[in-house]
Amino acid sequence: MGWGGDVFLFEFVAKIDIIEGEFRFNGTDKGVVTPAEGQARFLNFKDLVLATGSRPIVLKDLRLDGEHVLDSSGALDLTEVPKRLAIVGGGLVGLLVAWLAARIPGTDTCLLDLNPERAAIAQTLGCRFASPA
């Protein structure tokens, strides 16, 4: 995972351990983390932050191509301002990308979601909304 300079800030400045893997609670102040490779590690803690991250859902009829269809990381890495941007999915990451894109001058942003109740959220974010429902 690309932590870059954040590792220094977390581990050495803030004295926070970064442990990657699958976590399972074994009580209110203990748990076990199993990394992708290696042995499980049992932890006792006073405070715990679980940063779960996210993975894009790959849709059958909308394949990522890195040019016209991007995941959220690809959208955030764009080097040119798009004239139009459609965000598929109104989950937490989709709403964040829609909010950011709606603030780019000259970009027409539309949130696409199956839930028509997200229309009000899209309007608050400053973008259009479309739903097949």
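Two strands are said to pair if DSSP finds at least two bridges between them. Helices (H or I, at least four residues) and strands (E, at least two) are DSSP runs, numbered from the N terminus.

This is a predicted model, in which local features need pLDDT of at least 70 and side-chain atom pairs count only at pLDDT 80 or more, while totals for chains, interfaces and linings use all residues. Residues are numbered from 1 along each chain as its sequence is written, and side-chain values use heavy atoms, with hydrogens and water left out.

**The sheet**

Strands β4, β5 and β6 form an open sheet in the order β4-β5-β6, with parallel pairing. β4 (84-88) and β6 (128-130) each have a single partner strand and stand at the edges, so one side of each has no neighbour in the sheet. On average, neighbouring strands here are turned by 25° against each other, direction ignored. Axes are lines fitted to C-alpha atoms, for helices over the stretch in contact, and angles run from 0 to 180 degrees between N-to-C directions.

Between β4 and β5 (residues 108-112), the parallel pairing extends over five bridges. Within this part of the sheet, Leu 85 stands opposite Thr 109 in β5. Helix α3 (residues 92-102) lies across β4 and β5 and runs at about 165° to β5; contact means heavy atoms within 4.5 Å.

**The aromatic rings**

Rings of Phe, Tyr and Trp (its six-membered ring) pair if their centres lie within 6.5 Å; planes under 30 degrees apart count as stacked, over 60 as edge-to-face and the rest as tilted.

| Pair | Centre to centre | Between the planes | Type |
|---|---|---|---|
| Phe 23 and Phe 45 | 6.4 Å | 55° | tilted |
| Phe 25 and Phe 45 | 6.3 Å | 65° | edge-to-face |

The Phe 23 pair links distant parts of the chain: Phe 23 is in strand β1 (residues 22-25), and Phe 45, 22 residues apart from it, is in the loop between β3 (41-44) and α2 (72-76). Phe 25, also in strand β1, is 20 residues apart from Phe 45. Phe 23, Phe 25 and Phe 45 form one aromatic cluster.

Buried means under 20% relative accessible area, exposed over 50%, and partly exposed in between (1.4 Å probe, protein chains only). Phe 45 counts as buried because its relative accessibility is 16%. Phe 23 is partly exposed at 22%, and Phe 25 is partly exposed at 46%.
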